[in-house]
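I looked up each item in turn and recorded what I found.

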Amino acid sequence: MAQTALLDELARSIPPERLLRQPAQLVPYESDALTAFRSRPAAVLLAATQEEVVQAVRLCHREAIPFVARGSGTSLSGGSLPIQDGLVIALNRLNRILHLDPAQRIAVVEPGVINLAVSRAAAPYGLYYAPDPSSQQICTIGGNVAFNSGGAHCLKYGMTANHVLGLKVVLPDGEVVELGGASLEGVGPDWTGFFVGSEGLFGIALEITLRLLPKPALYRTVLAAYDSLEAAGDAVASIVAAGLLPGAMEIMDALAIEAAEAAVQAGYPRDAAALLIVELEGEPLQVEAEFAQLLQVVDRSHPRTLSVAKDDADRARIWKGRKSAFSAVGRLSPDYLVQDGVVPRSRLGAALAAIEQMSRRHALRVANVFHAGDGNLHPLILYDGRVDGELERAEALAGEILQLCIELGGSITGEHGVGVEKRQYMAALFAETDLAVMAELRRALDPGELANRGKMFPDGEAPALRAQGPHPLERLGLLSRE
Amino acid sequence: MSAPTVVAPTSNQELQEAVCACSHLAVRGGGSKPGLSPEQPAPVTLDLRLLSGLLEYDPGEFTFTARAGTPLKTVAATLAEHGQYLPFDPPWVDQGATLGGTVAAGLSGSGRYRYGGVRDFLLGVRFVDGQGRLVRGGGKVVKNAAGFDLPKLLVGSLGRLGVLAEVTFKVFPQPEQYTTLRLPQPSLEAALATLATLARSSFDLEALEWVEEEGCPVLYLRQGGLAAPLAERQAALRSWLGGGEPLAAADEVRFWHTARELAWVPEGSLCAKVPLRLEQVAALDALLSAYGAPRRYSAGAAWAWVAWPAAAAELHRALSRLQLGGLLLKGQAPSPLLGIRSAPTLAERIKGVLDPFNRFPPLG
Ligand SMILES: Cc1cc2nc3c(=O)[nH]c(=O)nc-3n(C[C@H](O)[C@H](O)[C@H](O)COP(=O)(O)OP(=O)(O)OC[C@H]3O[C@@H](n4cnc5c(N)ncnc54)[C@H](O)[C@@H]3O)c2cc1C
Ligand SMILES: Cc1cc2nc3c(=O)[nH]c(=O)nc-3n(C[C@H](O)[C@H](O)[C@H](O)COP(=O)(O)OP(=O)(O)OC[C@H]3O[C@@H](n4cnc5c(N)ncnc54)[C@H](O)[C@@H]3O)c2cc1C
């Protein structure tokens, strides 16, 4: 068997504790954070060096064995779900920050570096790494690059792609290429930008050159409570219309507020139907002037309460509630699905109203937490996997939400990627020709479709088993979502 | 040799037909960057200027979709009516540069410093590939992670991978007012040190341009935002820097207009863009001063604009020696890509998919 040849050859240079082959060792790697899907790989390689990754990819290419790169496995779309009998190349140990140049404002990192570790390393120089997914304490830069991950602060400075300047990549056939570099600009096609968001289908990122930004001198964070989601949505529209460019604008609905309060006591007003967080950042004089303007605009939007973060601790508390919202909502229900649709910002109200109706029709609770400034919705669909048919109803509801986003002119994913979960909706979002061209581009780099086979494209192989409940790594106490 | 035929499609369908009908063709927005067109004129030139006009623009949405041949000037004027702009300051607006040409050339201007370049504001594209297929990539919303990022692939593709038909951009609210501080530097080393210190400071500069004046580097620091606190912000910057002269309002507008239009490049001179890291500036500057080449370092010296007084081939060789890459915008050379290349094998494979019959000029 090709697998045996591959594993035997790997075993010659990799010690057994880093080449996992026993079923019990493989269990924690059978899913990512979308636990509804599960599949068993032939082996997991805990790579310790870039050379090992390259060697493994070359062997997979030679033996035609599919492989999946894996960071921390926090993908919410089944992106890092293993391929049945394929190889998982785990990158967490490639976690060195190779170079940090404050004058050039860049950091060169290995793919297993944790998102937050970059900002920590940059902090002594007054710099930080802007993209801040809620999972930033555990997710890796490699995973962020593969998914073009976002976060609460994408409004002003964009998603991961806007912060990746260069890449060293091993292509699916084992060729190592350097894309982009340390300059903000390049010439010729933007290969770096093309690689970011390719969901592991274009090979594995070995080194990533990140752009750092100076830490804003001042933040002003406003928390406004409303009697309806619509009123909060209207407030967002008027803030934008006033010409303000906040760093973040986030909305949470009643269910999300309740859950966040129960989990972390963020001090949110519990009886509000919607909560709006707006954060301004930048030079103090400019921020204070914008802040005065912001307060006027928000005041005119008739919030039931309006408060302002008094200090850093207060600001941290407001964000803690927001960033723990997913897992907090998870506590309200045995299982949940997170969706990640995008609608034009002016259609937020319409989208939320429609989601509420769907929730009633399917008799499933939906909590809404979203990046309002970007029109990026995160409905959390609560269900109980032990109740017959609930998972199917939850998936049907999720599908209707995606369909709605497409109809409103938006997208099926803003930041969580297509993965396994949203493959079948690609055909609704893109025309046949668009998908054909994407598939040809993929085959030009990976004729055997080995890299992350079965993801992103609608006709990929179906994953094997299904399960619910917490992530296997969570059960083992190795991963937590706070 | 017979003069090249010019075809000017007026619809996406005509554009597809035109591509299918020709075995070799080149795309032209109209020609503000003639250095990017092939040296040997292709038998057919596709003139995109009739594929022009805004298709969708809802100011509340802060995005627009336009045909690729739309002049930047038209776009800027429409956006300005609603207090909005393209923050990356694309060059050659007055010379008639188009949206498609700007994307295909991958060109950003001084505003690149603050919020990002053309790559960061392009959300979606429709383009005709070398097989005549009309392909869509990206989307019309500000955040979208579905499918491969074809828009980014076309940024800098120089009309070699496909013909852009439509582009969707996100835009930002334009600062109410700007001010600029002029900061002469005693030496190149001093200028580099100032850039390095500024990089770590929390001053929000819109742009940071380095100009050679009478043999000495002079930095221009642009601030923008609400009008009321701007004078005080500039004073704070000035005291932090320990110097600098504020430009009078009219001079400030003129300075950045000259920068955007590259109006300082001598008539008839070659013009190239050379991306840089800070530690590469000194070596390039030594080369350029040896040739007496006028130059500016843009966006905190993220790249140099070079007015080259000699042959393009000489610049190509010199850049190769310095391990730098460049893009020839005005002037003629076998390829507009000068100096070292990035990812040549990857380029070939992608070109093979989008332009298998080599209808468009070669990428290399
Ligand atoms: C509680 C919670 C909150 C979250 N919040 C956010 C959020 O706010 N915003 C957001 O965008 N996402 C969010 N996510 C989703 C997830 O954290 C991101 O998608 C993250 O980028 C995944 O990183 P990872 O290291 O876990 O990658 P993994 O899940 O291990 O992998 C993700 C994908 O990347 C590929 N990959 C990994 N490393 C590489 C590499 N080096 N080269 C090429 N491909 C690679 C994998 O094959 C896979 O397809 C959240 C997830 C959770 C569980
Ligand atoms: C001094 C001067 C005066 C002018 N006056 C006028 C005038 O009064 N009125 C007028 O209408 N025009 C005028 N023009 C023409 C004007 O320059 C063109 O409209 C403009 O140059 C558009 O080209 P561009 O700069 O956008 O891109 P170009 O320089 O044409 O092209 C840059 C690169 O992009 C590629 N490219 C361009 N468009 C596409 C696309 N859609 N898809 C894929 N690749 C593409 C090209 O192949 C090339 O590689 C004038 C030009 C000059 C120099």
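At what angle do helix H7 and helix H8 of chain B pack, and how far apart are their axes? I looked this up in a predicted model, in which local features need pLDDT of at least 70, side-chain atom pairs count only at pLDDT 80 or more, and totals for chains, interfaces and linings use all residues. Residues are numbered from 1 along each chain as its sequence is written, chains are lettered from A and ligands numbered from 1 in the order in which they are written, and side-chain values use heavy atoms, with hydrogens and water left out.

**Entry 1: H7 and H8 of chain B**

I found that H7 (residues 188-200) and H8 (residues 230-241) of chain B pack at about 130°, with axes 12 Å apart. Helices here are DSSP runs (H or I, at least four residues), numbered from the N terminus. Axes are lines fitted to C-alpha atoms over the stretch in contact, and angles run from 0 to 180 degrees between N-to-C directions. The angle makes H7(B) oblique to H8(B); angles under 35 degrees count as roughly parallel, over 145 as roughly antiparallel, 65 to 115 as roughly perpendicular and the rest as oblique. I noted the crossing of H7(B) and H8(B) as right-handed, meaning that the near helix is turned clockwise from the far one by less than a right angle.

For the contact (heavy atoms within 4.5 Å), I listed Thr194(B), Thr197(B) and Leu198(B) from H7(B), and Leu237(B), Trp240(B) and Leu241(B) from H8(B). By class, this contact has 4 nonpolar, 2 polar and no charged residues. Ala, Val, Leu, Ile, Met, Phe, Trp, Tyr, Cys and Pro count as nonpolar, Asp, Glu, Lys and Arg as charged, and the others, Gly among them, as polar.

**Entry 2: H1 and H3 of chain A**

I next examined H1 (residues 2-13) and H3 (residues 50-63) of chain A, whose axes come within 10 Å and cross at roughly 155°. H1(A) is therefore roughly antiparallel to H3(A). The crossing of H1(A) and H3(A) is right-handed. Among the residues that meet are Leu6(A) and Leu10(A) in H1(A), and Leu59(A) and Cys60(A) in H3(A). I recorded 7 nonpolar, 2 polar and 3 charged residues in the contact of H1(A) with H3(A).

**Entry 3: H13 and H14 of chain A**

The axes of H13 (residues 348-362) and H14 (residues 390-407) of chain A come within 10 Å and cross at roughly 160°. H13(A) and H14(A) are therefore roughly antiparallel to each other. Their contact includes Ile355(A) and Met358(A) of H13(A), and Leu397(A) and Ile401(A) of H14(A). I recorded 8 nonpolar, 2 polar and 3 charged residues in the contact of H13(A) with H14(A).

**Entry 4: domains**

I took domain bounds from an automatic or database domain assignment. Chain A is divided into domain 1 (2-90), domain 2 (97-214), domain 3 (217-328) and domain 4 (333-473). In chain A, the contact takes 15 residues from domain 1 and 18 residues from domain 2. These two domains of chain A bury about 1200 Å² between them, 67% of it from carbon and sulfur atoms; buried area is the accessible area (1.4 Å probe) that two parts lose on being put together, summed over both.

**Entry 5: chain B against chain A**

How many residues of chain B are in contact with chain A? I found 77, in contact with 89 residues of chain A. The two chains bury about 6800 Å² between them, 58% of it on carbon and sulfur atoms. Within chain B, Lys143(B), Phe148(B) and Arg349(B) lose the most area to chain A, together 14% of what that side buries.

Key: Helices (H or I, at least four residues) and strands (E, at least two) are DSSP runs, numbered from the N terminus.
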